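Take a look at the protein shown below. This report walks through its features, one topic at a time.

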Amino acid sequence: MQATSPFPFGNLSTELVLLIFAHAARPTFVKTSDDVPKNPYASALSLCRVSKVVRRTVLPELLRTILLPEYNNVTAFVRALRMQQIFSLQENDLRFDYAGRIDRIWFGQICEPPPQAPVHSSFASSTTSERDVDFSLLAPVVLSAPSLALDFESLWLLYGCLESAWSSHVNTNDPVRVPPPWRIKNLTLVGEFNRWRPLTSTAEGSAFLASISRLSFLSPARAQTHLLPTYDLCFDDLEYRKYPLPEWMTSVPWESFKHLQTVSLVLPRIVLTVAAKTCLSEENVDVELLTLFDPPRSAYWEPKDISAYIESGEGRVVSIGVRTKLGYSPIQFTVFFDWEEAWTCGLLK
């Protein structure tokens, strides 16, 4: 059998080669198995080591969607930003401005770390003066992304970014006439709902909420039931949608979202496409997502049944596929939703 000769890659034009590199660098966010975690940026990071030209070609692809699921991912990202700051000061060929390159950024469930204990002056030389999360570096990059998704437990990161950017903004500009220092228009909030006051009680937080045009809620992170879920063929019938919106929607400060155009949320009723198994496993489920085209405008908003929004054309329900991990015990069945994968794959558009 005659061996196949290798493709003459070097015979291609430079433009075509760089296009191939850019395509190969695009992250793959679809997970194959939780048992074998895969870095979606592995291909892009490997290509960055080929040459400076290839690095500049693949970095924009790597930065389009940034996933920071854990605290160590955030600190690693801040270290990368600090390195870029040094490269820029040195006019190094490796410098690359991340701000404006990111389209979407995701923060997982990241709790705010406790404050560090005060250090005596005699030990100051042995401690680092650099903060793990430097908002002066993080804020310009995070706030330049048009789409931001974060868990409610990670709101402290948003607070810090807004405070850092706003203080510099008001000191150098007229905040009334000059646009705010962020481009975020699409905000997605994940997990258990938390307090809004840190945003609504500050000038920067109020200005941020007022600028959001699309708001999405992905909750809950998990669902529990004592009944085995099965596929419900009758769910498409509007008679089965005559139930109210979740109660937590009445606690949202709707009057703060002055430019809101649409709001999307996962319906409280979840339909599994398969019967539950009797052991821990992965399944794909269909989750119903409701989008309201005429969102609430004031604190005195009175919610209607979901069927009323659909019949009037004010709302639309679509089915989206979400990967879940299923846990079963003799007394309880639990569904853990992988909202990160659903969001990164664009299933919520």
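## A charged pair: K52 and D93

D93 has a relative accessible area of 47%, so it counts as partly exposed. This is a predicted model. In it, D93 forms a salt bridge with K52, and their closest N and O atoms are 3.3 Å apart. K52 sits in helix α3, while D93 sits in the loop between α4 (71–89) and β2, so the pair ties together parts that are 41 residues apart in sequence. K52 has a relative accessibility of 48%, so it too is partly exposed.

Why can such a pair form? Side chains of opposite charge can pair when their charged atoms come close.

## A salt-bridge network

The model holds eight salt bridges. Some are joined up: R26, E61, R64 and D103 are linked in a network of salt bridges.

Is E61 buried or exposed? Its relative accessibility is 10%, so E61 counts as buried. R26 is at 46%, so R26 counts as partly exposed. R64 is at 39% and therefore counts as partly exposed.

## The whole chain

How many helices and strands does the protein chain have? There are ten helices and ten strands. The chain has 349 residues, and 43% of them are buried. It exposes about 19700 Å². Carbon and sulfur atoms supply 54% of that area.

## Parallel strands

Start with strand β4 (residues 186–190). It pairs with two strands described here. Strand β3 (residues 147–151) and β4 pair in the parallel sense over five bridges. Five bridges also join β4 to β5, and these strands run parallel as well. Particular partners can be picked out. A149 has T188 in β4 as its bridge partner. N186 has R214 in β5 as its bridge partner. V190 stands opposite L218 in β5.

How covered are these strands? In β4, five of the five residues are buried. In strand β5 (residues 214–218), four of the five residues are buried. In a regular strand the side chains alternate between the two faces of the sheet. In β4, N186, T188 and V190 point one way, and L187 and L189 point the other way. All of these residues are buried.

## A buried glutamate

E341 lies in helix α10 (residues 339–344). Its relative accessibility is 9%, so E341 counts as buried. Which residues does E341 touch, leaving aside its neighbours within four places in sequence? The contacts are F29, V30, K31 and R323.

## A nonpolar patch on the surface

F9, L16, L19 and I20 form a nonpolar patch on the surface. Together they have about 340 Å² of accessible area. One of them, L19, is found in helix α1 (residues 14–25). L19 has a relative accessibility of 58%, so it counts as exposed.

## How confident is the model?

The protein chain averages a pLDDT of 81. In all, 76% of the residues score at least 70. Where is confidence highest, and where is it lowest? It is highest in strand β2 (residues 104–107), at a mean of 96. It is lowest in strand β6 (residues 222–225), at a mean of 57.

Over residues 122–129, the pLDDT is below 50. Beyond near neighbours in sequence, this stretch has two contacts in the model. Over residues 226–238, the pLDDT is also below 50. That stretch has 29 contacts in the model beyond near neighbours in sequence. Where pLDDT is low, the predicted coordinates should not be read in detail.

Note on methods. Residues numbered from 1 in each chain as written. Predicted model: local features only at pLDDT ≥ 70, side-chain atom pairs only at ≥ 80, totals over all residues. Heavy atoms only, no water. Patch = residues over 30% accessible without salt bridge, like charges linked within 9 Å, V, L, I, M, F, W, Y side chains within 5 Å. Areas by Shrake-Rupley, 256 points an atom, 1.4 Å probe, with all protein chains shown as cover. Salt bridge = Lys/Arg side-chain N within 4 Å of Asp/Glu carboxyl O. Buried < 20%, exposed > 50% of the residue type's maximum accessible area, 1.4 Å probe, protein only. pLDDT = per-residue confidence, 0-100. Contact = heavy atoms within 4.5 Å. Pairing = 2+ DSSP bridges.
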